[in-house]
Amino acid sequence: DLITKQVQNRTTGQSKARIEVQVSVASAADAQRATEAIVGAAQDIPAILKTPPLTVYVDSLASGGGVNFKVYGYVDSPRRMTQARSDLYFAIIKAFGAANLAFLGAAGPQNVILEPGPTLQALLGKEASSDGKSGPRPAD
């Protein structure tokens with residue numbers, strides 16, 4: 001059909017293009033704050049049009065209690081899509097950092113508390129005895 005029929009350019013006179021960004025926040029309790037941070041981040045990007053406004057939708061809930069969003073915005077030209085999307089991602093990263101919001105899968109450093117059972121105590125005792133000292137070694 002492309003070769004035998006007439007092709008019509010439907011973007012003539014309307015050169016807007018829609019960008020899509022996917023963002024996940026670690027906690028469902030932070031979903032509203034995350035939405036506000038995303039919308040606020042987009043305000044500082046001149047390439048993203050104010051009309052129609054940026055929209056943020058909950059796409060799904062993650063198994064670990066997080067929330068996945070889809071964000072849609074418009075730019076004035078398809079040529080500006082990639083740069084605007086990248087700018088929006090950087091702005092969201094900055095906004096989440098300022099609002100102390102964690103991305104899903106980025107909970108940060110976690111402390112692990114290890115309570116030695118009999119097997120570990122025996123291993124620690126053997127290591128200590130190989131040093132010429134008896135009993136478990138003190139923790140560093």
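Contact is taken here to mean heavy atoms within 4.5 Å. The structure is a predicted model, in which local features need pLDDT of at least 70 and side-chain atom pairs count only at pLDDT 80 or more, while totals for chains, interfaces and linings use all residues. Residues are numbered from 1 along each chain as its sequence is written, and side-chain values use heavy atoms, with hydrogens and water left out.

The secondary structure consists of 3 helices and 3 strands, where helices (H or I, at least four residues) and strands (E, at least two) are DSSP runs numbered from the N terminus. The order of the elements from the N terminus is β-α-β-β-α-α. Of the 140 residues, 26% are buried (under 20% relative accessible area; exposed is over 50% and partly exposed lies in between, with a 1.4 Å probe and protein chains only). Among contacts with a separation of 6 or more, 67% join residues 24 or more positions apart.

Helix α1 (residues 31–43) packs against helix α2 (residues 81–98), with axes that come within 9 Å and cross at roughly 130 degrees. The α1 helix is therefore oblique to α2 (angles under 35 degrees count as roughly parallel, over 145 as roughly antiparallel, 65 to 115 as roughly perpendicular and the rest as oblique). Axes are lines fitted to C-alpha atoms, for helices over the stretch in contact, and angles run from 0 to 180 degrees between N-to-C directions. On the α1 side, Ala34, Ala37, Ile38, Ala41 and Ala42 meet Leu88, Ala91, Ile92, Ala95 and Phe96 of α2. The residues of this contact comprise 10 nonpolar, no polar and no charged (Ala, Val, Leu, Ile, Met, Phe, Trp, Tyr, Cys and Pro count as nonpolar, Asp, Glu, Lys and Arg as charged, and the others, Gly among them, as polar).

The loop between α2 and α3 (118–130) holds alanine 102, and asparagine 100 lies in that loop as well. Alanine 102 is partly exposed, at 26% relative accessible area, whereas asparagine 100 is exposed, at 67%. Beyond its neighbours within four places in sequence, alanine 102 contacts Ser24, Val25 and Ala26.

Two backbone features remain. Most residues other than glycine have a negative phi, and most peptide bonds are trans. Asparagine 100, although not a glycine, has a positive phi of about 55 degrees. The peptide bond from threonine 51 to proline 52 is cis, with omega near -5 degrees, and proline 52 lies in the loop between α1 and β2 (55–61).
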